[in-house]
Number of protein chains: 2
Amino acid sequence: MAKDSFVEIAQKAKTAAKKATTLTTKTKNFALLNIVQKLEANKNRIFDANQKDLNAAQKLLSSGEISQALFNRLKLDENKMRDMIQGVKDIAQLDDPIGKVLLKRELDEGLILTKVSCPIGVLGIIFEARPDVITQICALAIKSSNAVILKGGKESINTNRMIMSVIQEALDLTESFPKNMLNQVFSRDDVNEMLKQDKYIDLIIPRGGNNLVKFIKENTKIPVLGHADGICHIFVDKFADYEKAEKIIIDSKTQYPSACNSVETLIIHNEFKYKDKLIKHIQNSGVEVRFTPESWHKEYSDKILACKFVNSLEEAIEHINNFSSGHTEAIITEDTINAQIFMDSVDSAGVYHNVSTRFADGFRYGFGAEVGISTNKTHARGPVGLEGLTIYKYNIQGNGNIVKDYVEGIKTFKHKDLF
Amino acid sequence: MAKDSFVEIAQKAKTAAKKATTLTTKTKNFALLNIVQKLEANKNRIFDANQKDLNAAQKLLSSGEISQALFNRLKLDENKMRDMIQGVKDIAQLDDPIGKVLLKRELDEGLILTKVSCPIGVLGIIFEARPDVITQICALAIKSSNAVILKGGKESINTNRMIMSVIQEALDLTESFPKNMLNQVFSRDDVNEMLKQDKYIDLIIPRGGNNLVKFIKENTKIPVLGHADGICHIFVDKFADYEKAEKIIIDSKTQYPSACNSVETLIIHNEFKYKDKLIKHIQNSGVEVRFTPESWHKEYSDKILACKFVNSLEEAIEHINNFSSGHTEAIITEDTINAQIFMDSVDSAGVYHNVSTRFADGFRYGFGAEVGISTNKTHARGPVGLEGLTIYKYNIQGNGNIVKDYVEGIKTFKHKDLF
């Protein structure tokens with residue numbers, strides 16, 4: 001059988017997405033539980049495929065073409081496999097995000113408006129090395145009744161192929177599950193094609209480095225959900241508690257320095273009494289502190305922290321709103337009024353008081369799973385779970401009602417909320 | 001004083017938007033009521049300005065450069081002025097869409113996550129001739145705490161300038177209302193500049209013809225909310241009630257043929273007994289019925305209706321999902337199962353049963369006002385009122401909480417919803 005072109009894949013995905021709008025919760029959860037079983041039964045085939053990727057990656061690691069960190073992310077061990085399978089079980093347990101009645105209003109007697117959640121359609125998802133991501137995204141797509149076209153990192157190609165084939169086996173066993181809901185493409189050319197298919201693809205979600213996300217945002221008319229930079233700030237107010245400040249800053253910077261929710265810039269009020277001690281203790285924890293203005297623009301993703309002193313809360317807020325990437329920022333203070341001003345005035349997806357920036361995460365928020373973190377100002381912001389993969393439609397149920405009657409004043413609207 | 005460049009206007013709007021995040025409901029409503037007073041007190045100045053536009057338009061009308069319909073939309077009479085002022089009063093009465101708690105969750109003891117609605121930032125709004133639109137958009141922007149940059153049609157330039165200057169007088173009287181919240185630009189070059197300013201403008205809403213909306217969507221990286229085509233369908237099922245079908249089709253086509261929610265294509269089940277009578281009656285109401293496949297792609301905005309016969313509900317749904325612009329579609333049937341299949345399977349912003357497509361409208365839905373109708377699959381779909389001009393942020397309130405404790409298993413999340 002000849003291989004489908006990207007456009008053919010996208011067309012078939014669109015057809016599948018249309019069929020998926022009538023999928024029942026029962027069918028979707030049954031599909032997810034079939035996936036759990038099939039993954040468990042085929043662990044060794046997946047490990048073998050992963051070993052092939054690791055063998056190829058080992059050579060790239062030796063020649064310095066990939067980092068140890070990427071190699072580690074690529075490796076699928078028993079623990080990651082267990083978490084990956086548990087993730088699918090968890091998503092089966094979550095409420096169905098589709099078919100929720102968001103508004104029910106009697107426009108007039110016998111004329112009922114209902115706003116009901118529905119899937120977006122076809123999602124294009126582009127992600128880098130971690131092969132466990134593919135399972136999570138497929139499970140989220142199934143639960144939210146969206147079709148997906150996935151393009152994973154080339155380093156994990158064998159693992160991704162095997163996982164998708166196991167998942168597809170599970171779906172083939174699921175009665176009345178549409179064909180072509182989950183699709184995978186492999187080449188850079190496919191990414192370029194994906195960005196052009198605004199007729200078939202409704203939303204693109206890139207998960208990966210800065211350059212990938214920027215490239216995608218600049219080269220498509222399709223809405224893109226995600227974040228490029230993660231330049232998070234912590235402001236230590238004049239009224240900060242020293243112990244909390246130290247603990248939160250060190251957690252935010254060192255707990256996982258390459259995460260997008262790690263702090264990159266520390267802003268300290270000049271009148272904070274313990275500022276010298278604070279900086280010394282941060283440095284003692286193995287963090288390099290930089291005081292040059294150039295550092296304010298940078299996402300180090302490493303144990304490096306930019307630092308700036310300010311004379312007021314307002315100056316701190318202004319700096320953050322100018323330099324932040326809109327991801328997550330925190331204030332450390334015992335003054336509740338200052339905290340409230342900060343929370344109201346800082347324009348980011350997450351704005352925290354006396355808390356580490358590392359809490360910005362779908363699992364920690366209790367969403368069960370996430371497709372990524374958005375710094376967009378429309379559709380979905382912050383960690384995006386199932387809800388961010390839905391939109392809504394308006395249904396009206398009537399009995400021959402016409403607008404002429406209302407325009408001519410023969411009838412008038414009631415607008416009585418029933419829900 | 002030198003005139004600001006577009007970039008300077010956009011920068012100042014962004015600064016205003018940041019200040020606006022802390023506007024209270026009281027201040028916003030006070031501003032709206034000041035606008036009501038000022039509009040009432042300055043009616044004659046606005047009518048005079050409108051007369052200037054009408055004089056210029058009269059020449060264009062005589063030479064055939066503009067249509068009678070455009071001329072009529074341009075004219076601001078006592079009735080339109082009254083409705084325009086009432087519209088501002090109505091928006092003052094609506095609930096504040098900002099600061100709403102959408103989720104409140106105890107992540108752990110003393111660690112509270114709150115999802116709270118907030119403004120989007122700076123809206124770029126491009127609209128055609130109707131000068132009463134400007135007041136409605138300014139009122140919606142104020143109530144939703146967004147800054148706006150407005151570009152109206154050149155035909156109404158004098159009216160728009162005068163209305164904005166009266167509104168600005170009212171805002172100058174409103175204590176603690178930020179400067180530069182409402183901005184107006186006038187030239188085509190300004191539109192081109194607007195489309196480039198993704199650093200300062202968060203959302204563009206075009207209100208106008210097909211070509212305007214398509215041009216904007218193809219020439220900006222900023223999210224665009226709106227609709228280009230409005231190709232709405234009505235499907236007359238085998239089990240349709242004849243009286244309802246006739247009444248609904250004639251209302252949907254003739255009540256206001258140039259509206260985007262007017263029906264453009266009629267699909268009739270071949271086994272519908274009264275199909276010949278139905279077509280004859282539609283023709284007798286002054287509507288031209290066309291049976292060629294070319295007509296299925298067209299938005300006539302006139303008393304012309306494309307027509308197709310199908311052999312099944314499924315064929316009708318497939319045709320609609322292929323040819324529709326995703327605006328509004330209706331089924332006429334007495335069969336509730338067929339109605340439900342249609343409502344679930346048709347992928348449009350509005351899907352109706354036994355109701356005229358002309359109901360697709362923010363006022364008729366009870367939203368009080370609308371900035372437009374969206375056929376997007378993300379952010380907001382269908383008639384967009386205040387809610388579509390908001391996004392949310394996540395706040396976390398803690399007391400020195402760090403992620404390390406949860407990663408290392410010292411603490412575990414509770415995830416208990418408080419709201």
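In the predicted model described here, the residue A:V355 has B:N401, in strand β15(B), as its bridge partner. In general, the strands of a sheet pair through backbone hydrogen bonds, and they may do so in either a parallel or an antiparallel manner.

The pairing of β12(A) with β15(B) is part of an open sheet of ten strands, whose order is β9(A)-β10(A)-β8(A)-β7(A)-β11(A)-β12(A)-β15(B)-β2(B)-β1(B)-β16(B), and whose pairing is mixed. At the edges of this sheet lie β9 (288–290) of chain A and β16 (416–417) of chain B, each of which pairs on one side only. Helix α12 (residues 313–323) of chain A packs on the sheet, where it touches β7 (232–236), β8 (263–269), β10 (304–310) and β11 (328–332) of chain A. The direction of helix α12 makes about 140° with that of β10(A).

The contact between the chains takes 62 residues from chain A and 62 residues from chain B. On the side of chain A that touches chain B, at least two residues are supplied by each of β1 (101–108), β2 (111–119), α9 (210–218), α10 (242–254), α13 (336–345), β12, β15 (390–401) and α14 (404–407) of chain A. Among these elements, β15(A) gives the most to that side, with eleven residues. When the residues on this side of chain A are sorted by class, 22 are nonpolar, 22 are polar and 18 are charged.

B:N354, which is found in strand β12 (residues 350–355) of chain B, has a positive phi of about 60° although it is not a glycine. B:N354 counts as buried because it has 24 C-beta neighbours inside 10 Å, and a residue is placed in that class if the number is 20 or more. B:H415 likewise is not a glycine and yet has a positive phi, here of about 50°. The place of B:H415 is in the loop between α14 (404–407) and β16 of chain B, and β16 is the strand that forms an edge of the sheet on the side of chain B. With 16 C-beta neighbours inside 10 Å, B:H415 counts as partly exposed.

Conventions:
Residues are numbered from 1 along each chain as its sequence is written. Chains are lettered from A and ligands numbered from 1 in the order in which they are written. This is a predicted model: local features need pLDDT of at least 70, side-chain atom pairs count only at pLDDT 80 or more; totals for chains, interfaces and linings use all residues. Two strands pair if DSSP finds at least two bridges between them. Helices (H or I, at least four residues) and strands (E, at least two) are DSSP runs, numbered from the N terminus. Two residues are in contact if their C-beta atoms, placed from the backbone, lie within 7 Å. Axes are lines fitted to C-alpha atoms, for helices over the stretch in contact, and angles run from 0 to 180 degrees between N-to-C directions. Ala, Val, Leu, Ile, Met, Phe, Trp, Tyr, Cys and Pro count as nonpolar, Asp, Glu, Lys and Arg as charged, and the others, Gly among them, as polar. A residue is buried if 20 or more other C-beta atoms lie within 10 Å of its own, exposed if 12 or fewer, and partly exposed in between; C-beta atoms are placed from the backbone.
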